[in-house]
Amino acid sequence: METDARMSSVIPHGFQSSKQDFRFGPWTVSAVRTHIMKSKDIERLAETMHMPALPEMLFGDNVLRIQHTDGFGIEFNAIDALKRVNNMQDSVKVACAQEWQDSRADSEHSKDVVKRYDWTYTTDYRGTLLGEHMQIKVTPTADRIDMEKLKAREQIKFFEDVLLFEDELHDHGVSMISVKIRVMPTSFFLLLRFFLRVDGVMIRINDTRLYHEAGRNHMLREFSTRESKISDLQHVPPALYTDPNEIAQHLPLKLTECEKLELPETPADTAQSPQWRE
C-alpha cells in the first residue's frame, strides 16, 4: 500500500495545513486543507463574482481531487461551489428570505437578506471535471449506487473530510458545504454535502454521491435535494435540527438526478485492479 501524507509548514495562530495523497490503482486521491481566506481576498472575490458578500469562513484553497494518471478526473473546491449560487435569487428564496426577515425584524442582517443574491449560499455544485486532452463524459442514467453494498464492513484504506465553506447567517442558522471520501480495497465513495438551516424557517440538504469500482470504466454520481419548513418538522426533536446526518432522514426528497461519468479510454486501460504496495 502506498500512502503519501505530507504536512506543510505551520500557519500562524497554531493552524497546521495539510496535503495528503493516496494512490488507488491509476488514481491519486488528494486532500488539501489549509487556512481561511483573508478578508481582502474574500472582498476581491465577491466583487468578481458579483455578490454582495461571501461566506464568513471560506476555505478557497481547500480541495479534494481524484485524478487519473492520464490527467482526467474530478475535484471539489469552494470557489466553483460558490459559482453555482444563484446571485439573482429566485422567487422561492425571496419568499423564504421575507419569512426569515419578518421573524428577525430586530436583526441588523435582516435588512440585507432581500438583496439580489442568495444569502443562504445554496449551491447545486456536483464537482469540477478535470483534463485538457481527455475528459470524463457525463450522461444521464437509470443506474443507482448500491448503498447496501456500501454498508458491508470493508477495510478503509484512506479517509478524509474537507470543509469548503461555512457561514452562521449572523447567528441565525448555518450554511456549509464539505466533502468526504473513503477508499476501500476495490472502490471509493465520496459525499459532497451542502447543509442549510435557517432557524425557525427551513432546513435543506443537497447531496452529491460519487462511487467507483476498480475495473469499471465509469463512476456513478447521484445528486439529491431534501428540504422542509421547520413548521413541518414539529414531530422531530429540535436537537436533531443541527445534525445533518440525523435530520436528513426526516426531510422530504425533492429531487434526484443520477449520472454516469464515463471514463475516456486510455492506452493503459483503466480496467485494472488497484495494486497495493507494502
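Author: A residue counts here as buried under 20% relative accessible area, as exposed over 50%, and as partly exposed in between (1.4 Å probe, protein chains only). The model is predicted, so local features need pLDDT of at least 70 and side-chain atom pairs pLDDT 80 or more, while totals for chains, interfaces and linings use all residues. Residues are numbered from 1 along each chain as its sequence is written, and side-chain values use heavy atoms, without hydrogens and water.

Reader: Is L169 buried or exposed, and what is its relative accessible area?

Author: L169 belongs to the loop between β9 (158-167) and β10 (173-183), where strands are DSSP runs of E (at least two residues) and helices runs of H or I (at least four), numbered from the N terminus. Phi of L169 is near 50°, a positive value although the residue is not glycine. L169 is buried because its relative accessible area is 1%.

Reader: How does H170 count by accessibility, and at what percentage?

Author: H170 is also placed in the loop between β9 and β10, and its phi, near 55°, is positive in a residue other than glycine. H170 counts as partly exposed, because its relative accessibility is 45%.

Reader: Why do the buried residues of α1 lie on the same side of the helix, and what arc do they cover?

Author: In helix α1 (residues 39-48), the buried residues are I42, L45 and A46. They sit on the same side of α1 because the arc they cover around the axis, taken from the directions from the axis to the C-beta atoms, is only 105°.

Reader: Which exposed residues does the opposite face of α1 carry, and what element is included in the cover of its buried residues?

Author: The face turned away from the buried side of α1 carries the exposed residues K40, E43, E47 and T48. On the buried side, the cover (contact meaning heavy atoms within 4.5 Å) includes β4 (57-58) and α2 (78-83).

Reader: Which residue just after α1 takes a positive phi, and of about what value?

Author: The backbone has to be followed just past α1, where a positive phi occurs. The residue there is H50, with phi of about 55°.

Reader: How far does the backbone nitrogen of G173 lie from a polar atom of the side chain of D199?

Author: D199 is found in the loop between β11 (187-198) and β12 (202-213), and it counts as partly exposed because its relative accessibility is 23%. Its C-alpha atom is separated by 9.8 Å from that of T242, 43 residues apart along the chain. From a polar atom of the D199 side chain to the backbone nitrogen of G173, the distance is 3.4 Å.

Technical notes. A polar contact is a pair of N or O atoms within 3.5 Å; within protein, one must be able to donate a hydrogen and the other to accept it, and residues adjacent in sequence count only if both atoms are side-chain atoms.
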